[in-house]
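Please look through the sequence and the model below, and then read on for an account of how the chain is put together.

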Amino acid sequence: TSGSASTLQDYAKDKLSKQMVELFEACQQQACDLTRKETCRSRLQRDIQSVFPVARLYLTGSSMSGLGCRSSDADLCLVLQGSTQGSPDPIHILTVLQAFFRPLGYLEKIHLIRAKVPILRFREKGSGLEFDLNVNNTVGIRNTFLLRSYAYADLRVKPIILAVKKWARHHQINDASKGTLSSYTLVLMVLHYLQTLGEPVLPSLQKDFPECFNPSMEIDMIPEGPRHIPPYKSQNKSSLGDLLQGFLKYYSSTFRWDTQVISVREGKALPKNKSAEWRNKYICVEEPFERNNVARAVHEQMKFNTIKSKFAASSQILAQSKDLNALLPVRATI
Ligand code: ATP
Ligand code: MG
């Protein structure tokens with residue numbers, strides 16, 4: 001039909017939306033950034049296979065989902081399966097890898113982080129590229145494909161998510177290790193908002209294409225390349241700026257933190273039931289495959305209050321100024 005918007009410019013006729021496009025174009029990951037990550041991944045996989053012959057190394061996270069910035073780290077999932085019975089202890093594997101990596105010469109600042117999902121963090125010498133490597137946390141491979149599919153379902157998804165990530169980082173509420181929101185949580189919050197608009201910008205892809213996102217699909221069968229879900233034909237023609245404002249407003253006044261759970265899987269907010277996963281949690285965001293709470297890092301009342309007040313203040317400021325610079329220093333961020 002005629003008049004259907006087909007380029008980002010169609011959603012960016014006003015100043016705020018144009019600023020979002022400018023930020024997006026300056027900050028989004030470039031093809032050469034991904035190539036650098038991929039080259040290092042393949043070298044690491046080759047080296048790791050001399051210790052663990054059946055090991056496979058997968059790039060995950062924003063590097064692969066299309067939701068990354070030039071400065072984003074590279075998340076890696078080491079998949080070890082095969083002959084050994086039971087699941088290997090990730091701390092043990094990472095300790096072995098740490099000792100193996102030290103003399104290789106092309107890595108530096110190698111250290112083990114004993115989080116709920118333990119990771120080995122290191123940098124590539126020269127480029128300074130940062131890596132976070134986990135063992136067998138394969139849900140990251142599944143949800144990266146899901147996020148990638150959402151990123152390509154509508155042109156507006158990537159620029160809005162990038163602006164929200166930059167906003168949250170600038171306001172220091174984007175660090176799960178400090179009790180605030182992980183990037184992954186922020187992404188799910190944006191997708192949820194876009195799914196629940198009166199005229200949705202996004203559907204639930206897991207509902208619409210259950211076979212593509214089957215949680216028991218073999219890891220090797222999960223597409224990572226250009227093959228993806230057809231774009232969603234939304235009737236919602238809101239500009240980038242209106243959607244960013246709507247996002248801040250939704251979490252300032254519409255969403256009920258005390259009674260609702262964000263479910264991108266269902267494409268709507270679910271009521272908090274009495275299960276231990278949601279009880280006494282400040283923020284409840286369902287992992288689309290494992291269905292646990294990805295926002296469990298927010299466990300202090302004070303941090304929760306800070307997050308809410310950032311949403312409220314920024315929502316007000318943006319409604320009045322309609323200027324992205326009032327939310328984050330765009331030039332400095334670029
Ligand atoms: P950035 O660009 O800031 O690095 P990111 O999109 O890579 O952001 P992270 O929060 O660093 O987001 O997470 C990286 C990846 O790890 C996610 O894309 C997801 O695949 C996986 N992940 C992170 N947190 C969880 C979680 N709680 N449960 C399952 N998977 C997770
Ligand atoms: Mg990352």
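How does Lys-322 count, with 16 C-beta neighbours inside 10 Å? In this model, which is predicted, Lys-322 counts as partly exposed, because its 16 C-beta neighbours inside 10 Å fall between the limit of 12 or fewer for an exposed residue and that of 20 or more for a buried one. Lys-322 is found in the loop between helix 10 and helix 11, and it has a positive phi of about 50° although it is not a glycine. A positive phi of about 50° is also given for Lys-109, again not a glycine, but Lys-109 lies in strand 3, residues 107-113, and with 11 C-beta neighbours inside 10 Å it counts as exposed. The table sets out the neighbour counts.

| Residue | C-beta neighbours inside 10 Å | Counts as |
|---|---|---|
| Lys-109 | 11 neighbours | exposed |
| Lys-322 | 16 neighbours | partly exposed |

Turning to the chain as a whole, the protein has 11 helices and 7 strands, and its C-alpha trace spans about 55 × 45 × 40 Å along the principal axes. Its radius of gyration is 20 Å, which agrees with the value near 20 Å that a compact globule of 334 residues would have. Of these 334 residues, 37% count as buried, and among the contacts between residues at least 6 apart in sequence, 63% join residues that are at least 24 apart.

On the side of helix 6, Ile-160, Ile-161, Val-164, Lys-165 and Ala-168 take part, and they meet Ser-183, Leu-186, Val-187 and Val-190 in helix 7. Val-190, leaving aside its neighbours within four places in sequence, is in contact with Ile-160, Ile-161, Val-164 and Phe-247.

Key:
Residues are numbered from 1 along each chain as its sequence is written. Chains are lettered from A and ligands numbered from 1 in the order in which they are written. This is a predicted model: local features need pLDDT of at least 70, side-chain atom pairs count only at pLDDT 80 or more; totals for chains, interfaces and linings use all residues. Two residues are in contact if their C-beta atoms, placed from the backbone, lie within 7 Å. Helices (H or I, at least four residues) and strands (E, at least two) are DSSP runs, numbered from the N terminus. The radius of gyration is taken over C-alpha atoms; the globule rule is 2.2 Å times the number of residues to the power 0.38.
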